[in-house]
Amino acid sequence: MARSYKHMETSVIHEGYDSKDMLGSLTPPLFQTSTYTFNTAEQGERRFAGDEGGYIYSRLGNPTVTILEERIAALENGERGLAFGSGMAAVSAILIALTKANDHILCSSGLYGCTFGLLTMMKEKYNITHDFSSMETEEEIRSKIKPETVCIYVETPINPTMKLIDLQMVARVAKEYSIPVVVDNTFASPYLQNPLELGCDVVIHSATKYIGGHGDVIAGLAVGKKEFLNEVAMTTLKDIGGVMAPFDAWLLLRGIKTLPVRMERHCDNAEEIFKRLKTHPNVTNVYYPSDEAHPDYSIMKRQMKRGGGVISFEIKGEKQDAQAFLNQLSFLKIAVSLGDTETLIEHPATMTHAVVPEESREKMGITDQLIRLSVGLEAWQDIWADLESALNQININSDAYSKA
Ligand code: LCS
């Protein structure tokens with residue numbers, strides 16, 4: 001669905017919904033229903049046969065969910081959107097739809113822990129194998145593509161290392177082999193990056209994060225070609241059943257209206273925090289895409305509007321210093337997830353990426369000292385004051401360790 005409005009700020013509010021169709025209700029109504037009545041038995045038959053449009057049963061479609069699907073399709077400039085009960089429901093439905101036993105998936109060198117878990121399960125159960133690629137050059141990607149490779153699966157920015165993948169380059173190589181490129185765009189959100197416009201084939205979001213934005217929904221979205229997503233809707237989504245609840249769609253329709261405003265503020269705040277983390281003596285490395293010293297800075301300039309709201313950094317010391325640092329925070333919340341109004345901070349090695357075996361974690365760059373910070377919408381001065389005070393305390397604890 002092409003965007004009907006020139007600016008995304010308008011699209012996030014209006015796409016997919018006209019109040020005239022709904023008795024003038026400014027806000028899209030919540031169709032909290034599991035099923036839909038047919039006027040006659042023949043009408044039921046026609047709907048099941050696909051000869052007549054209209055709703056049948058909410059696992060097959062729901063009007064509130066449809067509005068959200070149309071809106072996300074427009075935001076990502078894709079033909080069709082599809083809603084799921086979680087980001088993982090979207091990832092699993094898309095990957096299952098694209099593969100069969102003994103196929104191969106080529107992945108970016110870092111992935112969210114549960115995506116890694118899903119790939120491990122697909123390998124054990126169906127011998128659907130995968131390899132990781134740094135995707136730094138076209139040659140490197142070509143060298144990892146096998147005859148049985150059926151898709152390339154990419155996260156960018158990568159959770160939690162904040163490495164970036166050049167999507168135009170990946171799409172160019174994939175076209176040579178006629179392999180679809182699936183991009184998990186969760187960390188950027190549709191406001192900062194639009195993979196379909198860069199030549200990729202399917203975009204996935206954990207809508208739990210920036211799209212919802214308020215930490216009250218678990219949900220997923222996908223956008224791509226109509227033919228492919230119609231097939232997913234009628235197979236892996238319908239029959240495995242990981243559908244989005246109407247109320248969650250309603251909450252997401254509310255949250256998404258402020259996506260551009262929130263993302264600008266997330267980025268403003270993250271830039272302020274990044275500058276200060278970079279010069280703190282107890283911080284050894286900071287990973288933030290709009291750092292001019294970030295190895296992928298040129299990719300950020302080409303494919304993202306701004307650097308986003310997530311910063312990862314390593315602190316001096318060991319795992320216990322990282323944990324002690326988190327324990328010293330006063331109002332910043334120790335929690336997984338990201339993209340919420342509240343600043344959230346976590347320890348990937350023992351939380352989001354704990355399922356990844358230590359050796360693979362090391363290869364991905366997830367050390368015991370790595371902390372992931374999702375910068376929220378509070379005043380950056382308050383966020384920094386809390387971080388700085390906890391970072392200063394770590395110094396004291398580290399001294400204690402070294403003296404012990
Ligand atoms: N993709 C990415 C990049 C994610 O970060 C997550 C969740 C998912 C997919 C799955 O989405 P969900 O099913 O949770 O909606 N990431 C999380 C994280 O980093 N902390 O907590 C969840």
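Predicted model: local features only at pLDDT ≥ 70, side-chain atom pairs only at ≥ 80, totals over all residues.
Okay, let's start at the ligand: 18 residues surround it, and the closest are Asp184, Ser206, Thr208, Lys209 and Arg372. Residues are numbered from 1 along each chain as its sequence is written, and side-chain values use heavy atoms, with hydrogens and water left out.

So what sort of residues make up that shell? They divide into 6 nonpolar, 8 polar and 4 charged. Here Ala, Val, Leu, Ile, Met, Phe, Trp, Tyr, Cys and Pro count as nonpolar, Asp, Glu, Lys and Arg as charged, and the others, Gly among them, as polar. The shell takes at least three residues from each of two domains, domain 1 (8-30 + 61-256) and domain 2 (259-403), with bounds from an automatic or database domain assignment.

Now some polar pairs at the ligand. Threonine 208 has a polar side-chain atom 2.6 Å from a ligand oxygen. For asparagine 159, a side-chain N or O atom is 3.0 Å from an oxygen atom of the ligand. And lysine 209 puts a polar side-chain atom 2.8 Å from a ligand nitrogen. How much of the ligand does the protein cover? It covers 93% of the 480 Å² of accessible area that the ligand has on its own, using the Shrake-Rupley method with a 1.4 Å probe.

The peptide bond from asparagine 159 to proline 160 is cis, with omega near 0°. Proline 160 sits in the loop between strand 4 and helix 7. Proline 157 lies in the loop between strand 4 (149-155) and helix 7 (167-177), and a cis peptide bond, with omega about -10°, joins threonine 156 to proline 157. Methionine 162 is also in the loop between strand 4 and helix 7, and has a positive phi of about 65° although it is not a glycine. Is methionine 162 buried or exposed? Its relative accessibility is 1%, so methionine 162 counts as buried; the cut-offs are under 20% for buried, over 50% for exposed, and partly exposed in between, with a 1.4 Å probe and protein chains only.

Strand 4 itself contains threonine 149, which counts as buried because its relative accessibility is 7%.

On to the strands. Strand 1 (residues 80-84) has 4 of its 5 residues buried. Strand 1 and strand 7 (residues 220-224) run antiparallel, joined by 5 bridges; phenylalanine 84 has glycine 220 as its bridge partner in strand 7.

There is also an open sheet of 5 strands, in the order 8-9-12-11-10, with mixed pairing. Its edges are strand 8 (283-287) and strand 10 (333-334), each pairing on one side only. Strand 11 (residues 344-346) and strand 12 (residues 370-374) run antiparallel, with 3 bridges.

Methods:
Near = heavy atom within 4 Å. Polar contact = N/O pair within 3.5 Å; in protein donor to acceptor, adjacent residues only side chain to side chain. Helix = DSSP H or I, 4+ residues; strand = E, 2+ residues; numbered from the N terminus. Pairing = 2+ DSSP bridges.
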